[in-house]
Amino acid sequence: MGAVQIAENIYWVGAMDWNIRHFHGPAYSTHKGTTYNSYLIIDDKVTLVDTVYGPFSDVLLKNIAEITDPSKIDYVVSNHVETDHSGGLPAIMALNPGAKVFCSKKGEEGLRKHYFGDWDYQVVKTGTQVSLGRRSLTFVEAPMLHWPDSMFTYVNEDAILLPNDAFGQHIATAFRFDDEVSMEEVMVEAAKYYANILTPFSDLVLKKLEEVTAMGIPIKMIGPSHGIIWRKDPSRIIRAYASWARGDTREKAVIAYDTMWESTAKMGYAILQGFVDEGVEAKLYAISSSDRNDIIKEILDARMVVVGSPTINKDFLATVGPLLDDLKGLRPKAKLGAAFGSYGWSGESIKNIEERLASAGVTIAEPGLRFKWVPTEDELERSREYGRNLARRLKDTG
Ligand code: FEO
C-alpha cells in the first residue's frame, strides 16, 4: 500500500508485512502479520522518522517517492536501533549521505555496530528540540522501553507522539487508523505485545507515563512503529498501558498444562470445573498444542496461573519449561499460582513447578496437587474441589 497522509504534510510511508508469522526469530508469534511504520514530514528540512525492516526498503523508497524525491531527505530520526525499524537506514543514507541522523547516545552506538556507516550522528536527550522549519520536534529518551537506545519523538505543532515500539501492535490492516479497523482485534494484539515484550519494564512504563504527563504536552495522535495509528482516542491505549503496567488483574485464572497419557489433562479439566463451580472465569491450555505468546497474553490480566505437568526424569515435561522460563523473564506483577500433575513413582514436577513460579514472583496460593498414575473418580472430585479452593482464594484477593 502507498503513502497515507496522517496530518498536513505528515505521511505514513511504512510497509505492511501481511505474512510474517514469527518475530524476534521464533520468539513471538504474529498470527496477523505486522507493519513497520515510518513517518515522513515535509518541511524546510524533509524528515523521516524511523524506517522499516531491511527487506522492505524498496517499499519505503517507493512510498516516499509518492510524496517527494527520496534523495531529498535532510534529517532522519532513529527512535530505536532494532532492525525492524532501522533496516531501511542504509538505503536512505545511500541516497542521502549528508543527512543528519538524530538518535540517543545508545542509539548511535547501536547503529554504528549494526551498519558501520560513518553518518552525521546528532545525539539527542530528553528535551532536545530541533526545528524543521514551520515545525519542530522534541525528543524524549525512553531507555529500556524496550531497548537501552529507545526514544520517543514528539511533533510539537501537531501534538503527534511517535513513540516507536510503545503503544504498538503486531497486526497488518488495510487501513491505518484506529477508527477504521476493529478495535477489539487491535486491543488483543496490543495486549499481547505488552504482555510478551514490555511486562518486565512495567515500572519504567509507569514512570515514563508520569514523566510525559508532567510535561503537560497534549497528545492528539500516537503513531507507533507497529500497527494502527491512534487518532480517534489515543488515551485508550495510554489507559491500557497504565493498567497493564500497574499489574491490574481480574477474577480470572489461566490453567496451562501438558500431559503424557491424559492423567494430568483429566486433572486440569476437573480443576477448570472447580473454577466454573465458583463462577470464576478460567481458561485452559494444553501447552504443546497452544501458542505460548497467546497463553502469556491471557495471563496478563489473570490473577492466577495454574501449571500442570506429569513427572519425567524427576522434573516437569520439557514442553512446560519454556512457559515457566518466559514467566521468570517477564516477572508479571500480582499473580497467584499453583501446580498439579500425575506421577508414576517420584512426582517432583509439582515442587519444581512451584519453585519456578516462585522465582517468577508468583505467590503460591495452595500446596500443589498430585495423584499417582491415572486419577480415580474420587481423585478427580478432589481435583475439582482443588479448583474450587483456588477460585475462592482468587476471589478473596480481589
Ligand atoms: Fe524493538 Fe519493533 O522493535
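Predicted model: local features only at pLDDT ≥ 70, side-chain atom pairs only at ≥ 80, totals over all residues.
1. Strand 20 (336–343) is largely enclosed by the rest of the structure, because eight of its eight residues are buried. Here, buried means under 20% relative accessible area, with exposed meaning over 50% and partly exposed lying in between (1.4 Å probe, protein chains only). Strands (E, at least two residues) and helices (H or I, at least four residues) are DSSP runs, numbered from the N terminus.

2. Residues are numbered from 1 along each chain as its sequence is written, and side-chain values use heavy atoms, with hydrogens and water left out.

3. Which strands pair with strand 20 in the parallel sense? One of them is strand 19 (residues 302–308), which is joined to strand 20 by five bridges; two strands pair if DSSP finds at least two bridges between them. Within this pairing, Val305 stands opposite Gly337 of strand 20. Between strand 19 and strand 20 the chain passes through helix 10, and this β-α-β crossover is right-handed. The term right-handed applies if, with the strands pointing away from the viewer, the path from the first strand over the helix to the second runs clockwise.

4. Strand 21 (residues 363–364) also runs parallel to strand 20, and two bridges join them. Gly337 has Ile364 as its bridge partner in strand 21. A right-handed β-α-β unit is made by strand 20, helix 11 (residues 349–359) and strand 21. Strand 22 (residues 369–372) is another parallel partner of strand 20, with four bridges, and Phe371 of strand 22 is the bridge partner of Ser342.

5. Strand 19 deserves a point of its own. Seven of its seven residues are buried, so that the strand is mostly covered. Strand 19 pairs with strand 17 in the parallel sense over six bridges, and Ile255 stands opposite Val306 of strand 19.

6. Another part of the chain forms an open sheet of seven strands in the order 1-2-7-8-9-10-11, with mixed pairing. Strand 1 (4–7) and strand 11 (120–123) are the edge strands, each pairing on one side only. On average, neighbouring strands of this sheet are turned by 25° against each other, direction ignored; the axes are lines fitted to C-alpha atoms, for helices over the stretch in contact, and angles run from 0 to 180 degrees between N-to-C directions. Strand 9 (residues 75–77) and strand 10 (residues 100–103) run parallel and are joined by three bridges, with Lys100 of strand 10 as the bridge partner of Tyr75.

7. The largest pocket has a volume of about 310 Å³. On a 1 Å grid over the protein atoms alone, a pocket is an open set of points with protein on both sides within 12 Å along at least five of seven lines, a cavity is a set where a 1.4 Å probe fits but cannot get out, and lining residues have an atom within 4 Å of a point. Grid points are joined across faces, edges and corners, and a volume is the space filled by probe spheres set on the points. Of the 19 residues that line this pocket, Met260, Thr311, Tyr343, Gly344 and Trp373 lie nearest its centre. Strand 20 and helix 8 (263–277) each supply at least two residues of the lining.

8. The second largest pocket holds about 240 Å³ of space. Its lining has 15 residues, and Met187, Ala191, Trp244, Lys297 and Asp301 lie nearest its centre. The lining divides into six nonpolar, one polar and eight charged residues; Ala, Val, Leu, Ile, Met, Phe, Trp, Tyr, Cys and Pro count as nonpolar, Asp, Glu, Lys and Arg as charged, and the others, Gly among them, as polar.

9. The structure holds one cavity of 30 Å³ or more. The closest to its centre, of the 14 lining residues, are Thr199, Leu300, Pro332, Lys333 and Lys335. Helix 9 gives the most to this lining, with three residues.
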